[in-house]
Amino acid sequence: HMCVERRRTVIYMSETLPPEVKKVVRTYCFGRNADLREIPEKDGVTDIDAMKGALDDSAACVLFAQPNYYGNLEPAQEITDAAHEAGAKVIMSCEPTSLALLKTPAEYGADIAIGEGQPLGMPLSWGGPYLGYMASTKALMRRLPGRIVGETVDTNGRRAFVLTLQAREQHIKREKASSNICSNEALCALTASVYLAAVGPDGLREVADQSTSKAHYLQKKLAEAGLALAWDRPYFAEFVTVCEERKAEAVLAALDEKGILGGLPLGGGRILWCCTEKNARAQLDEAAEIVKEVLA
């Protein structure tokens, strides 16, 4: 809604976004009576040709994830360039840990960056509470929802903080507000701040490096065991394997019997796997060995 203008009202989102994200976007667009359209997926990433054919002078923005739902790295520069060429803004949803290794949304030229902050020291906690992050270019700053805290000085010259911008429904006309009724995630934000301060830039890079290294190690072991990679594309810490449906079910059942949470079944014999810095090589080897025994 930050990107919608008088003549640019169509919102585009990639089919490769996580399903729960797409549901939330649809809900917001339904509430605002916004025109939402989906860009199809092709070979595990956003279909660039379909996107270019769909964009016109009514396009407000393009939303995609990096990495996407399947763990694949999107052709972000192509998406950004095509969207801007059509006059639309670009919103990148990024896994925060990956940004320690990958190019940032700003380096791609994105207008807005958003993402799930759970990887930043948040325990899983059976699904929450979590927090999100949001950043934008200076041109869109006044359209950011919620309250923006600015740094200033008081009458004695001491550092102070004030609510600089307050585009909230409590403070302005409801129809002009860009935020909705929401909960306070300050404790989660504090946790993420402490985590980032503790690990520092080098530590965050180490977390990202270990996550992607272990994911690629596991993928290689699973391929040797008989689970083929669904798409030959670069990925960060998640990847999709494919086999017969019944074999995929058997693999996950066997892992569960051993107390191992396997990948997420996507249907059609596809399994979405994930690794983090918390996984030890011995655990990965054990999982791969179980898969090998099942497929044999």
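**Entry 1: the loop with Trp126**

I located Trp126 in the loop between β7 and β8; helices (H or I, at least four residues) and strands (E, at least two) are DSSP runs, numbered from the N terminus. The model is a predicted one, in which local features need pLDDT of at least 70 and side-chain atom pairs count only at pLDDT 80 or more, while totals for chains, interfaces and linings use all residues. Residues are numbered from 1 along each chain as its sequence is written, and side-chain values use heavy atoms, with hydrogens and water left out.

I looked up the backbone of Trp126 and found phi near 55 degrees, a positive value in a residue other than glycine. Is Trp126 buried or exposed? Its relative accessibility is 90%, so I recorded Trp126 as exposed. For this term, buried means under 20% relative accessible area, exposed over 50%, and partly exposed in between (1.4 Å probe, protein chains only).

Ser125 belongs to the loop between β7 and β8. I noted a positive phi for Ser125, near 50 degrees, and this residue is not glycine. With 31% relative accessibility, Ser125 counts as partly exposed.

**Entry 2: cis peptide bonds**

I then turned to Pro129, found in the loop between β7 (112-116) and β8 (132-136). Gly128 and Pro129 are joined by a cis peptide bond, with omega about 0 degrees. I noted a cis peptide bond between Gln66 and Pro67, where omega is about -5 degrees. Pro67 sits in the loop between β5 (59-66) and α3 (76-85).

**Entry 3: helices α6 and α7**

I examined helix α6 (residues 245-257) and helix α7 (residues 281-295), whose axes come within 9 Å and cross at roughly 135 degrees. Axes here are lines fitted to C-alpha atoms, for helices over the stretch in contact, and angles run from 0 to 180 degrees between N-to-C directions. The two helices, α6 and α7, are therefore oblique to each other. Angles under 35 degrees count as roughly parallel, over 145 as roughly antiparallel, 65 to 115 as roughly perpendicular and the rest as oblique.

I recorded the crossing of α6 and α7 as right-handed. A crossing is left-handed if the near helix is turned anticlockwise from the far one by less than a right angle, and right-handed if clockwise.

Which residues of α6 and α7 meet? On the α6 side I listed Lys247, Ala250, Val251, Ala254 and Leu255, and on the α7 side Ala287, Ile290, Val291, Val294 and Leu295. Contact means heavy atoms within 4.5 Å. By class, this contact of α6 with α7 has 9 nonpolar, no polar and 1 charged residues. Ala, Val, Leu, Ile, Met, Phe, Trp, Tyr, Cys and Pro count as nonpolar, Asp, Glu, Lys and Arg as charged, and the others, Gly among them, as polar.

I checked Ala254 of helix α6 and found it buried, with a relative accessible area of 17%. Apart from neighbours within four places in sequence, Ala254 is in contact with Ile290 and Val294.

**Entry 4: helices α5 and α7**

I next compared the axes of α5 and α7, which come within 8 Å and cross at roughly 20 degrees. That makes α5 roughly parallel to α7. The crossing of α5 and α7 is right-handed.

For Tyr217, which has its place in helix α5, I left aside neighbours within four places in sequence and found contacts with Arg281, Leu284 and Asp285. The C-alpha atoms of Tyr217 and Leu284 are separated by 8.2 Å, although these residues are 67 residues apart along the chain.

Ser211 is found in helix α5. I recorded Ser211 as buried, at 5% relative accessible area. Not counting residues up to four places away in sequence, Ser211 touches Phe236, Ala237, Cys275, Thr276 and Glu277.

**Entry 5: nonpolar cores**

I looked up the largest nonpolar core, which has 27 residues; Leu218, Leu222, Phe239, Leu255, Trp273 and Val291 touch the most other members. A nonpolar core is a set of buried Ala, Val, Leu, Ile, Met, Phe, Trp, Tyr and Cys residues joined through side-chain atoms within 4.5 Å. The elements that give two or more residues to this core are α5 (186-225), α6, β14 (270-274) and α7. Its largest share, 6 residues, comes from α5. I also noted a second, separate core of 20 residues, which includes Ile48, Met51, Ala76 and Ala86.
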